[in-house]
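Please keep the sequence and the coordinates at hand while reading.

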Amino acid sequence: MRYSAFSIVKNALTGNVNWKPAWRQPEPKPYYDVIIVGGGGHGLATAYYLAKEFGLKNIAVVEKGYLGSGNVGRNTTIVRSNYMLPGNEPFYEFSMKLWEGMEQELNYNAMLSQRGIINLYHNDSQRDAYIRRGNAMWMEGVPAELLDRAALKKMLPFLNFDHARFPIMGGLLQKRGGTARHDAVAWGYARAADRLGVDLIQNCEVTGIRRENGVVTGVETSKGFIGCGKLGLAAAGNTSRVGEMADLKLPIESHVLQAFVTEGLKPAIDHVITYGAGHFYISQSDKGGLVFGAEIDGYNSYAQRGNLATVEHVMEEGVMMIPGLSRVRVLRSWGGVMDMSMDGSPIISHTPIDNLYLNCGWCYGGFKATPASGWCFAHLIARDETHPVARFLRLDRFERGYPIDEHGAGPQPNLH
Amino acid sequence: MASLIHCPHCGVRPKEEFSIRGDASLVRPDPEASDEAWHEYVHIRANPRGRYLEHWQHVAGCRRWLVVERDTFTHQVFSVTDGAAAARGTSR
């Protein structure tokens with residue numbers, strides 16, 4: 001069923017009993033040409049583009065929980081392409097362009113809102129760094145704008161401009177950045193992939209990867225053995241666990257990142273705003289809640305919950321940036337398990353095993369990359385060659401000495 | 001995570017006094033070791049889901065480096081050892 005304004009009216013008038021499930025619940029077939037492990041945003045997008053752009057037919061996504069039960073439903077929904085390094089920026093801009101056409105393509109309302117993202121700066125050197133980043137964006141054809149204090153005061157009067165230690169001097173604006181409804185992105189890709197014949201197999205945990213003569217022949221799962229011609233891993237925080245089944249040695253640590261949402265408010269914050277004196281970022285959802293987060297907790301964790309010390313730190317940063325936040329009540333907080341890579345940049349790559357492909361290392365920037373990650377991973381799997389914009393995101397860049405370290409923090413995952 | 005950590009030098013202390021550096025199971029290779037050995041030491045992590053040896057520093061206490069054995073899923077802490085003692089124990 002194609003969704004449209006007409007279908008909403010028609011179903012409303014007939015008591016909303018004729019809606020069909022958005023996707024099937026198939027039992028696994030004995031063999032697929034391609035299996036994707038992980039039914040999150042990236043896995044579902046990969047399956048969709050494999051079917052849509054690369055014409056593959058016999059595809060399955062296996063997911064240990066329910067679709068979108070991981071980080072795609074746990075992030076702060078920010079979409080942007082304001083990176084600096086040449087290994088990253090073209091990739092994220094490719095993603096941004098896919099976002100801009102995604103809802104029409106998927107026939108699904110992902111509530112993309114290009115409200116603009118503003119990175120604040122607090123001193124001269126930080127301003128210079130943002131000018132450099134803005135220029136790096138322009139060099140890749142991505143518009144960026146430097147805002148001074150006066151312009152910011154007009155746009156965001158509620159900020160703490162005269163903080164004694166971290167006065168706000170201005171900000172870097174990417175107008176095309178914004179937010180998207182994260183669950184809808186997973187559901188939109190799932191529905192579109194299902195309509196192209198992809199089998200989405202939920203509650204099916206991969207317990208082993210079977211190999212013969214050095215190539216993958218299939219996966220052992222909680223629903224039995226499923227054979228495959230090619231296997232793609234998109235398991236996010238559990239990448240190391242799945243990789244271990246194929247003896248992959250990976251430059252990944254799993255860390256917990258927390259996010260928060262407040263009670264619903266009238267429209268107050270029109271943009272996505274990030275703090276330059278900390279790692280705090282905030283936006284307001286269409287429902288009215290303020291959605292925000294900051295750093296990872298800083299220790300290895302597979303638990304989807306964080307620590308109170310970090311909660312306190314995030315709140316302090318928020319109130320430092322927007323003093324009015326002290327009057328708002330937090331409604332919920334949650335944690336997600338991040339696949340932190342050694343340079344803070346992702347991996348879309350071949351592996352030492354010929355028909356095994358890897359998509360991981362998204363740190364806490366995976367959501368904005370969902371469409372491009374899916375497209376480039378599908379390209380890699382279908383054609384067995386790297387997509388041009390993802391050519392730097394190789395697994396072997398670490399041993400070859402070509403890390404893509406936006407923060408310059410070195411191989412220390414809890415600092416990215 | 002456990003909110004109280006038993007420091008071998010200072011006794012039971014709140015975990016906020018400690019900072020966590022990361023994997024303590026890695027052994028620094030010889031300076032002349034191969035590129036592969038250094039690559040594994042600098043970049044490759046076992047990243048277990050379960051028991052994990054970690055370097056912690058008691059920054060608001062004795063400032064000693066400690067080796068903490070912790071579960072990365074339940075966050076239960078099994079043991080806290082002084083870093084130097086742990087290193088001698090593994091005869092490095």
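## Terms and basis of the model

Two strands are taken to pair if DSSP finds at least two bridges between them. Helices (H or I, at least four residues) and strands (E, at least two) are DSSP runs, numbered from the N terminus.

This is a predicted model, in which local features need pLDDT of at least 70 and side-chain atom pairs count only at pLDDT 80 or more, while totals for chains, interfaces and linings use all residues. Residues are numbered from 1 along each chain as its sequence is written, and chains are lettered from A and ligands numbered from 1 in the order in which they are written.

## The fold of chain B

Chain B contains two helices and six strands, and along the sequence these elements follow the pattern β-β-β-α-β-β-β-α. Taken along the principal axes, the C-alpha atoms of chain B fill a box of roughly 40 × 25 × 20 Å.

Four strands of chain B form an open sheet with the order 3-4-5-6 and antiparallel pairing. Strand 3 and strand 6 (77-82) of chain B are at the edges with a single partner strand each, so one side of each is left without a neighbour in the sheet. On average, neighbouring strands of this sheet are turned by 30 degrees against each other, direction ignored; axes here are lines fitted to C-alpha atoms, for helices over the stretch in contact, and angles in general run from 0 to 180 degrees between N-to-C directions. Strand 3 of chain B pairs with strand 4 (residues 51-57) of chain B in the antiparallel sense over four bridges, and B:I20 has B:W56 in strand 4 of chain B as its bridge partner.

## The mixed sheet of chain A

In chain A, eight strands form an open sheet in the order 5-6-4-13-14-15-12-16, and the pairing is mixed. The edges are taken by strand 5 (145-148) and strand 16 (330-341) of chain A, each with a single partner strand, so one side of each is left without a neighbour in the sheet. From one strand to the next, the twist averages 25 degrees.

Within this sheet, strand 4 (residues 117-121) and strand 6 (residues 170-174) of chain A pair in the antiparallel sense over five bridges, with A:I118 standing opposite A:L173 in strand 6 of chain A. Helix 8 (residues 308-321) of chain A packs on the sheet, where it touches strand 12 (252-264), strand 14 (281-284), strand 15 (289-300) and strand 16 of chain A, and its direction makes about 135 degrees with that of strand 15 of chain A. Two residues are said to be in contact if their C-beta atoms, placed from the backbone, lie within 7 Å.

## Helix packing around helix 9 of chain A

The axes of helix 3 (residues 89-106) and helix 9 (residues 370-383) of chain A come within 7 Å and cross at roughly 105 degrees. Helix 3 and helix 9 of chain A are therefore roughly perpendicular to each other, on a scale where angles under 35 degrees count as roughly parallel, over 145 as roughly antiparallel, 65 to 115 as roughly perpendicular and the rest as oblique. Helix 3 of chain A contributes A:F91, A:F94, A:S95, A:L98, A:W99 and A:M102 to this contact, and helix 9 of chain A contributes A:P371, A:A372 and A:W375. By class, the contact of helix 3 with helix 9 of chain A has eight nonpolar, one polar and no charged residues; Ala, Val, Leu, Ile, Met, Phe, Trp, Tyr, Cys and Pro count as nonpolar, Asp, Glu, Lys and Arg as charged, and the others, Gly among them, as polar.

Helix 2 (residues 41-52) of chain A packs with helix 9 of chain A at an angle of about 55 degrees, with their axes 7 Å apart, which makes helix 2 of chain A oblique to helix 9 of chain A. The residues of this contact include A:A45 and A:Y49 of helix 2 of chain A and A:W375 and A:F377 of helix 9 of chain A, and they divide into 10 nonpolar, six polar and no charged.

## Domains and the chain interface

The domain assignment, which is automatic or from a database, gives chain A domain 1 (24-78 + 84-89 + 182-251 + 343-415) and domain 2 (107-180 + 253-340). Over C-alpha atoms, 27 Å separate the centres of the two domains of chain A. Their contact takes 27 residues from domain 1 and 33 residues from domain 2 of chain A. Helix 6 of chain A gives the most to the side of domain 1 that touches domain 2, with seven residues.

Between the chains, 15 residues of chain B are in contact with 21 residues of chain A. Strand 3 (19-23) and helix 1 (35-43) of chain B are the elements that give two or more residues to the side of chain B that touches chain A, and helix 1 of chain B gives the most, with three residues. By class, this side of chain B has six nonpolar, six polar and three charged residues.
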